[in-house]
Amino acid sequence: MTVLKRASDECMIEKDLGFVLRRSNFRDTSVIANIYTLRFGRIAGILKGFYSGKREFTSPLEVFTLNEFVFYPKKREIWLVSFADLLCDYPILRTDLARSRAAGFFLNIVERVMQPWDVNSQVFFLLKESMAALQDYPQTKVLYVFLIKFLTISGFKPEFNHCIHCRGELGEDLGFSAAKGGLVCGKCRAKSDDCRSVTGETSSSLSYIQKTDFPQVLRIRPTPACEKEIMYVLRQFIAYHLDIDLSGLNIESKTWARQYA
Ligand SMILES: [Zn+2]
């Protein structure tokens, strides 16, 4: 993206890509939107005259959509957005409730965790890949891939490669500690009382997803039991470290909900 021109000494006009996280009407004709941008992180913008048919606003600006924006970065909280053009509206999210819930959760967790103007292009591209993947892959798989990657790049960094206590190899008979934020080897597990046992397949799947880029990461095919365990690990981690209850998301099967309730 390039700087278009210098409007004044303090105010540059910028062009950037962004996902609409949330929007609300402002007075009769305007919209205020929370947007996750590629180069500026999370911003709030006002689109003045959005409902008066301005030709600069060709996007319907719905939640989930990816748009190109032109705006004026300022020190104040709400930036003036002068142009919005729709790039992708992910049509399946308008008709498929489970996928729409998963996408809504992606946007919600990004909005809650990422501070305003905290630039993280990896988060932007993760959103882009995950929204696209929801068109073609089961939502549960896209959800756990998104969560493992989001926790890793947003600073929570769950440890899935070594024992979080002794840094040794994980080996057999391992466990997961939500409080410590990672997997625990057999020896350390015997000494701690806050671990739940996890299988080797779950451990290697968590590690593989953490290390593998899109689109290859979507080729992973864990067994249903392993997927349940991955979701259990993530649910515990997120409840402990982010205080977010994943069970309310309700995109899992009833069996899963019963087993781990
Ligand atoms: Zn250990």
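User: Two residues are in contact if their C-beta atoms, placed from the backbone, lie within 7 Å. In this predicted model, what percentage of the contacts between residues at least 6 apart in sequence join residues at least 24 apart?

Analyst: The protein has eight helices and nine strands. Its C-alpha trace spans about 65 × 40 × 30 Å along the principal axes. Of the contacts between residues at least 6 apart in sequence, the share joining residues at least 24 apart is 51%.

User: How far apart are the C-alpha centres of domain 1 and domain 2?

Analyst: The domain assignment sets domain 1 at 3-88 and domain 2 at 137-260. Between their C-alpha centres the distance is 36 Å.

User: Which residues does Val 184 contact, leaving aside neighbours within four places in sequence?

Analyst: Outside its sequence neighbours within four places, its contacts are Cys 163, Ile 164, His 165, Leu 174, Gly 175, Phe 176, Ser 177, Arg 189, Ser 192 and Cys 195.

User: What span should helix H2 have at 1.5 Å a residue?

Analyst: H2 covers residues 97-113, which is 17 residues. Its end C-alpha atoms are 24 Å apart.

User: Within what arc do the buried residues of H2 fall, seen down its axis?

Analyst: The buried residues of H2 are Arg 99, Ala 102, Ala 103, Phe 106 and Val 110. An α-helix has 3.6 residues a turn, so residues three or four places apart point the same way. The buried residues of H2 line one face because they fall within an arc of 95°.

User: Which exposed residues sit on the face of H2 turned away from its buried side?

Analyst: The buried residues of H2 pack against strand E2 (12-26), strand E3 (30-37), helix H1 (92-95), helix H3 (121-133) and H4. The face turned away from them carries Leu 97 and Arg 112.

User: Which peptide bond is cis, with omega near -5°?

Analyst: Most residues other than glycine have a negative phi, and most peptide bonds are trans. Pro 215 is in the loop between helix H6 (200-211) and helix H7 (224-242). The cis bond runs from Phe 214 to Pro 215.

User: Arg 27 is not a glycine; what is its phi?

Analyst: Arg 27 is in the loop between E2 and E3. Arg 27 is exposed, because 10 other C-beta atoms lie within 10 Å and the cut-off for exposed is 12 or fewer. Its phi is positive, near 50°.

User: Is Lys 157 buried or exposed?

Analyst: Lys 157 lies in the loop between H4 and strand E7 (175-177). Lys 157 is not a glycine, yet has a positive phi of about 40°. With 12 other C-beta atoms within 10 Å, Lys 157 is exposed.

User: How far apart in space are Pro 60 and Asp 85, C-alpha to C-alpha?

Analyst: Pro 60 lies in the loop between strand E4 (41-47) and strand E5 (66-72). Pro 60 counts as exposed, with 12 C-beta neighbours inside 10 Å. Pro 60 and Asp 85 are 25 residues apart in sequence, and their distance in space is 8.6 Å.

Methods
Residues are numbered from 1 along each chain as its sequence is written. This is a predicted model: local features need pLDDT of at least 70, side-chain atom pairs count only at pLDDT 80 or more; totals for chains, interfaces and linings use all residues. Domain bounds come from an automatic or database domain assignment. Helices (H or I, at least four residues) and strands (E, at least two) are DSSP runs, numbered from the N terminus. The expected span of a helix is 1.5 Å times one less than its number of residues. A residue is buried if 20 or more other C-beta atoms lie within 10 Å of its own, exposed if 12 or fewer, and partly exposed in between; C-beta atoms are placed from the backbone. The arc is that of the directions from the helix axis to the C-beta atoms.
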